[in-house]
Amino acid sequence: MIKLKNPEQLEKMRLAGRITAGALEVAREHIKPGTTPLAVDRAIRHYIEKEGAKPSFLGYGGFPGSACISLNNEVIHGIPNDKPFKDGDIVKVDVGAYIGGFHGDSARTFFCGNVSDEAKKLEEVTRLSFFAGLEKAVVGNRLGDISAAVQQVVENAGFSVVREYVGHGIGSELHEDPEVPNFGRAGRGVRLMPGMVLAIEPMVNVGGFEVYVLDNDWTVVTKDGSLSAHYENTVAITENGPEILTKI
């Protein structure tokens, strides 16, 4: 069941979203060669709690970190560890904040030092695919319009969209209906209505779309070992167009 949010609830989600966005800025400041994912995770948790919120991911389904921190061919759900970042790593940080009964959820792909041209192109295409989907997130369109727009940008660039993991509705629960695939056909799926809030999150691979889960039961990696990027925002569907809630 899709839970529509009223204006009061959307205002609470704006607060959760701003804190989530701020946590990503903290991550950006800390990611550099020699720093560890665990140190970034601690800084994120400190920031979120200082703002009066709780890390949405900490303990969620047993996840041990406050953020998912995934490197290079890791797609999502990387567990923060004490292995230092190296020059050339691409680092995906996915984070959520819970306050006032509602969640925010957002992800970015960051560069650690000097990265390859391929990595730069991958990040750019992933980001642009999100905004292509965002343009379709308007009242009266269908969910498949968002999905198809994301897929078109990605595949036109010669990359592939992860299919086993998708975006989702969000609100009082971190994951709500509906699922938001990053692939599909325009004109299909549920009709977009005011009050819907979606976590739109392209996950894009340089190589094939196939992925698998490591033995830690969390971290998802590309099957062919190719680089992967991630870009996500929490987006409200309104009569005045889409509103990104995860921004400062």
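How much space lies in the second largest pocket? In this predicted model, the second largest pocket holds about 240 Å³ of space. Its lining is made up of 15 residues, and those closest to the centre of this pocket are I69, L71, E74, N81 and K83.

A set of 22 residues lines the largest pocket, and I76, H77, H168, H175 and E201 are the ones that lie nearest its centre. Two strands, β7 (167-169) and β8 (176-180), each supply at least two residues of this lining, and β8 gives the most to it, with 3 residues. The lining of the largest pocket divides into 11 nonpolar, 5 polar and 6 charged residues.

A further feature to follow is the packing of two helices. Two packed helices are described by the angle between their axes and by the distance between those axes. Helix α1, which covers residues 7-30, packs against helix α2, which covers residues 37-50, at an angle of about 145 degrees and with the axes 9 Å apart, and the crossing of α1 and α2 is right-handed. On the side of α1, the residues in contact are R18, I19, G22, A23, V26, A27 and H30, and in α2 they meet V40, A43, I44, Y47 and I48. The residues of this contact between α1 and α2 divide into 9 nonpolar, 2 polar and 1 charged.

Methods: Residues are numbered from 1 along each chain as its sequence is written. This is a predicted model: local features need pLDDT of at least 70, side-chain atom pairs count only at pLDDT 80 or more; totals for chains, interfaces and linings use all residues. Side-chain values use heavy atoms; hydrogens and water are left out. On a 1 Å grid over the protein atoms alone, a cavity is a set of points where a 1.4 Å probe fits but cannot get out, and a pocket is an open set with protein on both sides within 12 Å along at least five of seven lines; lining residues have an atom within 4 Å of a point. Helices (H or I, at least four residues) and strands (E, at least two) are DSSP runs, numbered from the N terminus. Ala, Val, Leu, Ile, Met, Phe, Trp, Tyr, Cys and Pro count as nonpolar, Asp, Glu, Lys and Arg as charged, and the others, Gly among them, as polar. Grid points are joined across faces, edges and corners, and a volume is the space filled by probe spheres set on the points. Axes are lines fitted to C-alpha atoms, for helices over the stretch in contact, and angles run from 0 to 180 degrees between N-to-C directions. A crossing is left-handed if the near helix is turned anticlockwise from the far one by less than a right angle, and right-handed if clockwise. Contact means heavy atoms within 4.5 Å.
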